[in-house]
Amino acid sequence: MDNQMFESTAERTFQHQESLPPLPVPSLEGTLSKYLDAVKPFASEDEFRNTATIVKRFREGTGKHLHQKLLQRAKNRRNWLEDWWLDTAYLELRMPTQLNVNFGGPGPYLEHCWPPCEGTQLERTSIIVWQTLQYWDLIRTEKLAVHKAGNMPFDMHQFRMLFCTCKVPGITKDSILNYFKTESEGPCPSHVVVMCRGRIFSFDVLCDGCILTPPELLRQLTYIKESCVGEPEGDGVGALTSEERTRWAKTRQHLMSIDPVNETILETIQSSLFVIALDDAKPYSTPDDYTAMTLLSLTGDPTTRWGDKSYNNICFADGTFGSTCDHTPYDAMVLVSLCYYIDQKLKAVAGKWKGSEVVRDMPVPEELVFTVDDRVKRDIALAKEQYRKSCQDLQVACYAFTSFGKVAIKKRKLHPDTFVQLAMQLTYYRQHGKPGSCYETATTRRFYHGRTETMRPCTVEAQQWCKIMLNPAASVEEKRRALLAAFSKHNKLMDEAQKGKGFDRHLLGLYLIAKEEGLPVPELYSDPLYAKSGGGGNFVISSSLVGYTTILGAVAPMVHHGYGFFYRIRDDRIVVACTAWKSCPETNAETFFHNLCASFHDIMQIKRWICEVGSFDTKLSLNGGNTGDTESQSDQDWIWIG
């Protein structure tokens, strides 16, 4: 494949960082107006009047003061949110993060040259690792092409966090360690960690300054696998990373106190490029059903993953692949870019290594053996048990909807992402008989160190459309008009969120200013409608478009009675990863997917009627407000991930 999408010699990867605009602070009036609009679908008339009164008091009193303080903060920082977001969304969390916060997903390579096949694990892994190292080299030499929207460069800082990065547990707050350096900045760690059957190994991926070839990587991986087969399993220290954060922090402190070698091993793992997990599981998935692979990527053997690492490359025994990644240092688009690079490179060579078969002399991998005592062994056993119970509760439905995809949707002048989001709203309303508060990722990478903003798809217009769709007496014309209004509102809100004019991050900032100032929590945040509409991390549906490529991801639901909903849109299909908790009697991921398919057809049926009667005057209202029209974005949307 042409390298232009990934590689650039015209400009360096990080050259635009200092010229990117700062993250703006939205106007207080605009934020509170949007907030009121967002809570309407969840409020009775009395509840809304009460909330409107609370918002008015906030706007005229405490809110005005807090907003001025936030503006002062923004004057001294190019991104007023960055540190707060890391702390609040990730580092201060005490729940086990490997299952509840990490994202993961299946590799798409089985769709072309690598269908499931036993006996191929190590050979395929050697090629995957080699391609991953080529990507590392692109970032290190700053030849990875800058992501852009048209001619507007996006922030690339998160790509520094893909390799050589690890979260470290703390008693009250975690921290992030990043050892990555570009070539111009100096030496960078060049070793990988391999985890197999509870044991941990490491080896350097450079020999005489050159990246090991797949035959050389295969030699190292074979040595590790043969060292483990037929031998007792290791202590499985990696399972501790799946624990509640404070418990893991205390065990880690104890681990280091036992033997100074343990601290050296932890440093080796933390600074490694990434983790290679040689997993004995055989998920045997297909292009139409990724459920088993996705489930194991999220819930697989905790002794073969280091849950705090920024990237765990999971290599299953049937020659298929997955990943699990700590969400703290970067968002999904970073991993999407890496995996899409690998996918396209594999296609170009039909999954075969066509270079030299010569294997140079090099040291064999080193096994990293922790010194453990009875307390650590007990803690590992407890970590495994709590992880097992949590994983057994997670339901995953990951299927391809194959009746149509992006091509057919665009022919009807609809934006594909908005199409899926409105179908999701209709599905939830149909299945649960009420509106569902929903989070959709909007990227703010046009700004310095920008990450994401919340776009709330459960709008008044979307809910009005859902009601009309489920009303047997409603005419097609009524459905059409309601659909156009819902599309237009969604696109407008997404455009505003991407331009730094969303409201959820602003409300978070105002809350944190009050906290720092030692002020009482403003009434707005304790109002029942705040949480009911999704505020404070209470969204019933946590959703994200993973892109228009072959790459898919998945997350656990944000709340117990909710859904995780990631999806990718291809020319001829829409692939969805839906999750729910089995212990919640209200939710069911399988049912949600099947109802979603019906919703897809329902929308297309309306548009088919519109097209048949020649109503093409609605194109602007359907696409208006979205960043870039659907035609021009079709080959570039993979960079829009939040």
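A residue counts as buried when its relative accessible area is under 20%. The model described here is predicted. Phe58, at 5% relative accessibility, is therefore buried; Tyr525, at 10%, counts as buried as well.

Across the whole structure, a search finds 28 aromatic pairs. Phe58 and Tyr525 form one of them, an edge-to-face pair with 6.3 Å from centre to centre and 85 degrees between the planes. Because Phe58 belongs to helix α2 (residues 45-60) and Tyr525 to helix α18 (residues 523-526), the pair ties together parts that are 467 residues apart in sequence. Both rings also belong to a cluster, linked by ring pairs, that includes Tyr35, Phe503, Tyr511 and Tyr530.

Trp114 and Phe321 form a tilted pair, since their ring centres are 5.8 Å apart and their planes stand at 35 degrees. Trp114 is buried at 4% relative accessibility, and Phe321 is buried at 2%.

Charged ends of arginine residues also sit over rings:

| Charged residue | Ring | Distance to ring centre |
|---|---|---|
| Arg78 | Tyr448 | 3.7 Å |
| Arg505 | Trp85 | 4.0 Å |

The sheet is open and has six strands in the order β14-β19-β18-β17-β15-β16, with mixed pairing. Its edge strands, β14 (394-401) and β16 (452-455), each pair on one side only. From one strand to the next, the twist averages 20 degrees. Strands β15 (residues 438-443) and β17 (residues 541-547) run parallel and are joined by three bridges; in β17, Ile541 is the bridge partner of Cys438. Helix α17 (residues 504-516) packs on the sheet and touches β15 and β16, its direction making about 110 degrees with that of β16.

How values were computed
Residues numbered from 1 in each chain as written. Predicted model: local features only at pLDDT ≥ 70, side-chain atom pairs only at ≥ 80, totals over all residues. Heavy atoms only, no water. Pairing = 2+ DSSP bridges. Helix = DSSP H or I, 4+ residues; strand = E, 2+ residues; numbered from the N terminus. Axes fitted to C-alpha atoms, helices over the stretch in contact; angles between N-to-C directions. Contact = heavy atoms within 4.5 Å. Phe/Tyr/Trp six-rings, centres within 6.5 Å; stacked < 30°, edge-to-face > 60°. Buried < 20%, exposed > 50% of the residue type's maximum accessible area, 1.4 Å probe, protein only. Lys NZ or Arg CZ within 6 Å of the ring centre and 35° of its normal.
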